[in-house]
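The sequence and coordinates are shown first.

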Amino acid sequence: MISITVTALVFGVVFLAELPDKTALAGLVLGTRYRASYVFAGVAAAFALHVALAVAAGSVLTLLPQQVVHAVTGVLFLGGAAMLLRNKGEDEEEIRKPEDQSFWKVAGAGFMLILVAEFGDLTQIMTANLAARYDDPLSVGLGAVLALWAVAGLGIVGGRALMRRVPLGLITKIAALLMLGLGVWSLWEAVAG
């Protein structure tokens, strides 16, 4: 059974954390050069793979005693909040242009870009933490993948307009504040439990 509450919480946290990430900018650049649906197909497949790996890692953590899990996830959330506040605007990576614009070339370029750029990324670590915290892999996985797909879609189709209306610094601060709150809450549960 899918928990709407857990799915919505995960969606919100991952969405806000991914918006200021370099992959949103990479999606924007790919989307301006190639057919958006082809780019999205590759990017969406890579994000789905990352979420599956993160949820599996988080599910392994649920085998540990709850106090240990809460302490570990609390520290990792606090570290994630610090990383968000410390990284003030990452440089856009160079994106190589595929030789042709066929579906497989464009989707493959998007897939490989996200697969490499997102491996071990903050949102993947957050997803593993959330999977461990809530012990609900399906709800966490659904919330995370929908958030990542939403950010990818925004980046590919309308990233420039969004970034003009909502300052990137504000998005980063909101995501860091949410992670800080989750970190403090997890640590409190570790100590109180």
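## Fold

Helices are DSSP runs of H or I with at least four residues, strands are runs of E with at least two, and both are numbered from the N terminus. On that basis the protein chain has 8 helices and 0 strands. The pattern along the sequence is α-α-α-α-α-α-α-α. The model is a predicted one.

Among contacts in the protein chain with a separation of 6 or more, 93% are between residues 24 or more positions apart.

## Burial and surface

The protein chain has 193 residues, and 45% of them count as buried.

## Nonpolar core

The largest nonpolar core contains 33 residues. Within this core, Val10, Val14, Val39 and Val140 have the most contacts. At least two core residues come from each of helix H1 (4-18), helix H3 (36-61), helix H5 (103-118), helix H6 (122-134) and helix H7 (137-165). H7 provides the largest share, 8 residues.

What does Val10 touch beyond its neighbours within four places in sequence? The contacts of Val10 are Phe15, Leu130, Val140, Gly143 and Ala144.

## Aromatic pairs

A pair of aromatic rings is described by the distance of the centres and the angle of the planes. The count for this model is 3 aromatic pairs. In one of them, the ring centres of Tyr38 and Phe103 are 5.2 Å apart with the planes at 85°. Planes over 60 degrees apart count as edge-to-face, so the Tyr38 and Phe103 pair is edge-to-face. Because Tyr38 lies in helix H3 and Phe103 in helix H5, this pair ties together parts that are 65 residues apart in sequence.

Phe103 also forms an edge-to-face pair with Trp104, at 4.9 Å centre to centre and 80° between the planes.

## Charge over rings

Arg133 has its charged end over the ring of Tyr134, 5.4 Å from the ring centre. The charged end of Arg133 also sits over the ring of Trp185, 4.3 Å from the centre of that ring.

Note on methods: Residues are numbered from 1 along each chain as its sequence is written. This is a predicted model: local features need pLDDT of at least 70, side-chain atom pairs count only at pLDDT 80 or more; totals for chains, interfaces and linings use all residues. Side-chain values use heavy atoms; hydrogens and water are left out. A nonpolar core is a set of buried Ala, Val, Leu, Ile, Met, Phe, Trp, Tyr and Cys residues joined through side-chain atoms within 4.5 Å. Buried means under 20% relative accessible area, exposed over 50%, partly exposed in between (1.4 Å probe, protein chains only). Contact means heavy atoms within 4.5 Å. Rings of Phe, Tyr and Trp (its six-membered ring) pair if their centres lie within 6.5 Å; planes under 30 degrees apart count as stacked, over 60 as edge-to-face and the rest as tilted. A charge sits over a ring if NZ of Lys or CZ of Arg is within 6 Å of the ring centre and within 35 degrees of the ring normal.
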